[in-house]
Amino acid sequence: MSKPTPIRAIQISDLHLKTAPGSQVWGVDVDASLCAVLARIQAQDFRPDFILATGDLVGDEPDAYERVREFLSPLGVPVYCLPGNHDQPARLAQTLRGGLVRWERHILVEPWQLVLLDSTFPNSSDGHLSYGELALLDTVLVTPPARPTLVCLHHNPVPIHTDWLDDMTVNNGEALFAVLDRYPQVRAVVWGHIHGEFDAWRGAVRLLGTPATCVQFKLGSPKPQADSTPPGYRWFELFPDGSLNTGVERVEPARRPSVSP
Ligand SMILES: [Fe+2]
């Protein structure tokens, strides 16, 4: 017997958009790179029910949130956002409110649910989960029924063996896992931030890092170093029985963007 139809989702991360079109980050044109990723998402047969955008939507320029909306609205499905260390949460909340592209905290996609946590720490690149964020997570998970759950945030909550990035790991990851360990319905923790791919298990919980839509980092390098791997995104199939499939797609940036905001 074939498996029932899953919920389909795509995760993009670390757009680092600036206000000026064609801006570069580490030598990568962030607009062109994002356009190539979005064009691939729109061209493929895999039709997502929603998109997850896990932070660093802008590169320290909060006026660029309007451009985030302009780039992502044409996808035509909800884009659920959360902030990263290069975002300004107050401006993100103000600009991406209502409409298809918006910051959400808790999403129900029967029978699954997603919790979107804010792991930013004011005036710092560090990751941290405040008491309020941990309380939100606990409240969602303790509320029946026990739904299969994806926990989403920007920073990696575990070290990834890359010294300079591990200095910016969620600095109270043990507090996160102390909550998660009480709820067997948690299926995966997903993040961005590392500009690369990560896939591991902690008990029955999948730990998933997702590439940036712009420059990639060389994971394993003790010092900041770009990697020539193309940008990418992660896809998810979330099945009614609580199982999931996931994978990463890489996209060679077009020389000329085929989609413009
Ligand atoms: Fe980033």
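Tutor: Contact means heavy atoms within 4.5 Å, while helices (H or I, at least four residues) and strands (E, at least two) are DSSP runs, numbered from the N terminus. This is a predicted model, in which local features need pLDDT of at least 70, side-chain atom pairs count only at pLDDT 80 or more, and totals for chains, interfaces and linings use all residues. Residues are numbered from 1 along each chain as its sequence is written, and side-chain values use heavy atoms, with hydrogens and water left out.

Student: What covers the buried residues of α2?

Tutor: The cover includes β1 (7-12), α1 (30-43), β5 (79-82), α3 (89-95) and β6 (101-103).

Student: Which residues of α2 are called buried?

Tutor: Buried means under 20% relative accessible area, against over 50% for exposed and partly exposed in between (1.4 Å probe, protein chains only); in α2 (residues 65-72), Tyr-65, Arg-67, Val-68, Phe-71 and Leu-72 are buried. Their directions from the helix axis to the C-beta atoms define an arc, and the buried residues fall within 155° of arc, so they line one face of α2.

Student: Why is the site of the iron ion called irregular?

Tutor: Donors are N, O and S atoms within 2.8 Å of the metal (3.2 Å for Na, K and Ca), and sites may look incomplete because water is not among the atoms. Asp-14 (OD), His-16 (NE2), Asp-56 (OD) and His-195 (NE2) lie 2.1 to 2.3 Å from the iron ion and are its protein donors. Four donors count as tetrahedral if all angles lie between 85 and 135 degrees; four count as square planar and six as octahedral if opposite donors are over 155 degrees apart and all others between 65 and 115; anything else is irregular. The angles among the four donor atoms run from 86 to 176°, and the site is irregular.

Student: Are Asp-14 and His-16 buried or exposed?

Tutor: Both Asp-14 and His-16 are buried.
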